[in-house]
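Hi everyone, thanks for coming.

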Amino acid sequence: MALIPSQVLRVAILLSYFSILCHYKALDMPAHQTYGGSWKFLTFIDLVIQAVFFGVCVLIDVSSLLTKGGDSREQERQLRKLIGLRDWMMAVLAFPVGAFVVFTFWSLYLYDRDLVYPRLLDNFIPQWLNHGMHTTVLPFIIIEMRTTHHRYPSRTWGVAAVCCFGVGYILWTCWVHQVTGVWVYPVLERITPLARVVFFSAMTVVICVFYVLGEILNSYIWDHTHTASLQLPVLCDLKHTEHTAVCEHSNITSICDS
């Protein structure tokens, strides 16, 4: 039995994302006042994705509780649609985008923080909020993956959907630069146009790799759990058989001795 019910965990995570988003939007940062606002940053887009995803998860929990014991086929059909949406969001958006944000941010930060998070931002963003945006995303999504089985689409369609998201964000970033003359991330200012093409291509490949890793991790967690659950009754039956055989052997021995 879980120490904390998964439904409670989802509500807590959802509330934490609401808090992070509210605090982030309340920041008086010059970048928020320019073209695109917060929506030009992948970190903010990812926070919205995670909040919507966990909102859907909580909605499913509430709907399941309200329809428990009912026999309405229409309610069951609507619930299955919500579950399908949840699983699709986990596979295509929540896990790959969340893992991508955490991986790329901290990789560039450790290499040269000015490439992605200039020291000037320390005057606006407290450390706890930075970790809420760039660190806790990954453990939260892994907790959800561990507590609930998610059905992934076919790998071809899943990778295609992730690629569409990645290319769409790249085009959005280029459009913001076309309008403002400024790249969203400092690293893009420091490299040549050819290097940007390579950089964008590499980032698209990386986010697709995270999709595949999420699929593998989900399969490993639930295949392992399912195998363990199947092995437990077999082991119990085996022990029961061995115990019965020992008892029968003891009875035969006692009869022979007498």
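Before I start on the record, a quick word on what its annotations are: UniProt feature names are shortened here, and an annotation may be inferred rather than shown by experiment. Also, keep in mind that this is a predicted model.

Okay, the record. The UniProt entry, which is unreviewed, lists "transmembrane region" for residues 7-27, 47-67, 88-108, 128-145, 157-179 and 191-213. What does the chain look like over residues 88-108? That stretch is 100% helix and 0% strand, and its end C-alpha atoms sit 29 Å apart. Over residues 128-145, we get 89% helix and again 0% strand, with 24 Å between the end C-alpha atoms.

Now let's look at a pair of helices. Helix 2 covers residues 42-67 and helix 3 covers residues 73-112. They pack with their axes 9 Å apart, at an angle of about 155°. Angles over 145 degrees count as roughly antiparallel, so helix 2 is roughly antiparallel to helix 3. Their crossing is left-handed. And who's in that contact? The residues split into 19 nonpolar, 7 polar and 2 charged.

Last topic: cysteines. A disulfide is a covalent bond between the sulfur atoms of two cysteines. How many disulfides does the count come to here? With a cut-off of 2.5 Å between the sulfur atoms, the count is 0.

Buried or exposed, then, for Cys-22? Cys-22 is exposed, because its relative accessible area is 54% and the cut-off for exposed is over 50%. Cys-57, on the other hand, counts as buried, at 2% relative accessibility.

Methods: Residues numbered from 1 in each chain as written. Predicted model: local features only at pLDDT ≥ 70, side-chain atom pairs only at ≥ 80, totals over all residues. Heavy atoms only, no water. Axes fitted to C-alpha atoms, helices over the stretch in contact; angles between N-to-C directions. Helix = DSSP H or I, 4+ residues; strand = E, 2+ residues; numbered from the N terminus. Parallel < 35°, antiparallel > 145°, perpendicular 65-115°, else oblique. Left-handed = near helix turned anticlockwise from the far one by under 90°. Nonpolar A, V, L, I, M, F, W, Y, C, P; charged D, E, K, R; others polar. Buried < 20%, exposed > 50% of the residue type's maximum accessible area, 1.4 Å probe, protein only.
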